[in-house]
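Open the model in your viewer and keep the selection panel at hand. The stops below go from the whole chain to single residues.

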Amino acid sequence: QSPYGADVMTRIDYTMTRAEGLSLLGQLLRDEINRMIHHFCYQYKISSQNIYEIVFVGNTVMMHILAGFPVKNIAVSPFVPVVCRRLELLSRDLELDICKQGRVVILPMISSYVGADTVAAILSCGLHRSSKIVLLIDIGTNGEIALGNSDGILACSTAAGPAFEGASIECGLGGVFGAINRVYIGEDIDYTTIGGVSPKGICGSGIVDAVAQMLRSGLLDKTGRLISPEEAAGKLPADLSDRIVLKDNNPAIILTSPYKDGSKEIYISQRDIREVQLAKGAIRAGIEVLMKAKGVSCDDISNVYLAGGFGNYIDYRHAMDIGLIPKEFSEKIIGIGNGAGVGAKMALLSKDAKKEANEIKEKTKYIELSAIQDFQTYFINSLEFR
């Protein structure tokens, strides 16, 4: 769907401005699912007609597009989706190539911007069954955050932007082969890439590493300002100082360059730093709002689960160094990887898990951050690196 929109908001806009927009995006999604089914069946030598059920989780917009529901009201206040309850559809109605009477289950959604993937992640980590207060953070284009226990859950979605997925970074890349995923700054800059191949860009975990160590090395101050080449001269090691150049009259840090590494030039610009600040400020502010609404402090939270590919691979120490996560959580962080995928498997294999997903939806209260007076204050206070 990316040619028709890089994110859910631009895809919503496409469905609103083109008469065939919704049906086209839905068909693209179903075609890709069928390709996945055929690949799976070929690899494991089974018939697609022997697949009787599929469970889907994802953000509310994508679940609506899959089901063929209009998404225009998700984008405008009061942000009302067509449906949030669990859906059970027939595979033939969605033209999915499994058993003709096969069942397609979409797990319940909490709101327009907290979807079935968050419900599944809560299910997988057991937050809804915990007697102690637990925090779940799923960092993507939107940062979904849930806080609570068996007595009740609060959830919100922060418009973090795609900085941590590499999409809004000038040399950004998703978590694919060739993405710089670790950065080390000493007297010079070193890095590793996913797959150990030549670097093609930098992904979210690499960005967090780089920014945290740029702060430590003096390349960056707490306001997010990169020092200029003139400021670096004589103050930093020569190899490190030589990495500072001007891009569009603003400082940038060269990570890899053809004359040094034999690869394409990959850098982090002043604009990239601002994107990181906006993203981490939104997520940190969302955490603060939920904690205040729940009436708890950092000390009251027993575990902090980080979900998603980004949450699983970032260096937690560096995430705390840039202020993305409170330092008080240093001994409480647990990476759960693809929590949404695990929750979907649980629901596929267990009727009890499907029932629990419904219970999670019922006991979760959504907080719209734009309606919270303190959110802007928390956001502004979270922009600096400290």
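The radius of gyration is taken over C-alpha atoms, and the globule rule is 2.2 Å times the number of residues to the power 0.38. For 386 residues a compact globule would come near 21 Å, and the chain agrees, because its value is 22 Å. This is a predicted model, in which local features need pLDDT of at least 70, side-chain atom pairs count only at pLDDT 80 or more, and totals for chains, interfaces and linings use all residues. Residues are numbered from 1 along each chain as its sequence is written, and side-chain values use heavy atoms, with hydrogens and water left out.

Select the whole chain. Its C-alpha atoms fill a box of roughly 70 × 50 × 40 Å along the principal axes.

Colour by pLDDT, the predictor's confidence in each residue from 0 to 100. The chain mean is 92. Where pLDDT is low, the predicted coordinates should not be read in detail.

Next, select the cysteines. How many disulfides (cysteine sulfur atoms within 2.5 Å) does the whole structure hold? The search finds zero. For Cys99, the nearest cysteine sulfur is that of Cys41, 12 Å away. Cys99 counts as buried because its relative accessibility is 17%. The sulfur of Cys171 is 13 Å from the closest one, in Cys203, too far for a bond.

Conventions:
Disulfide = S-S within 2.5 Å. Buried < 20%, exposed > 50% of the residue type's maximum accessible area, 1.4 Å probe, protein only.
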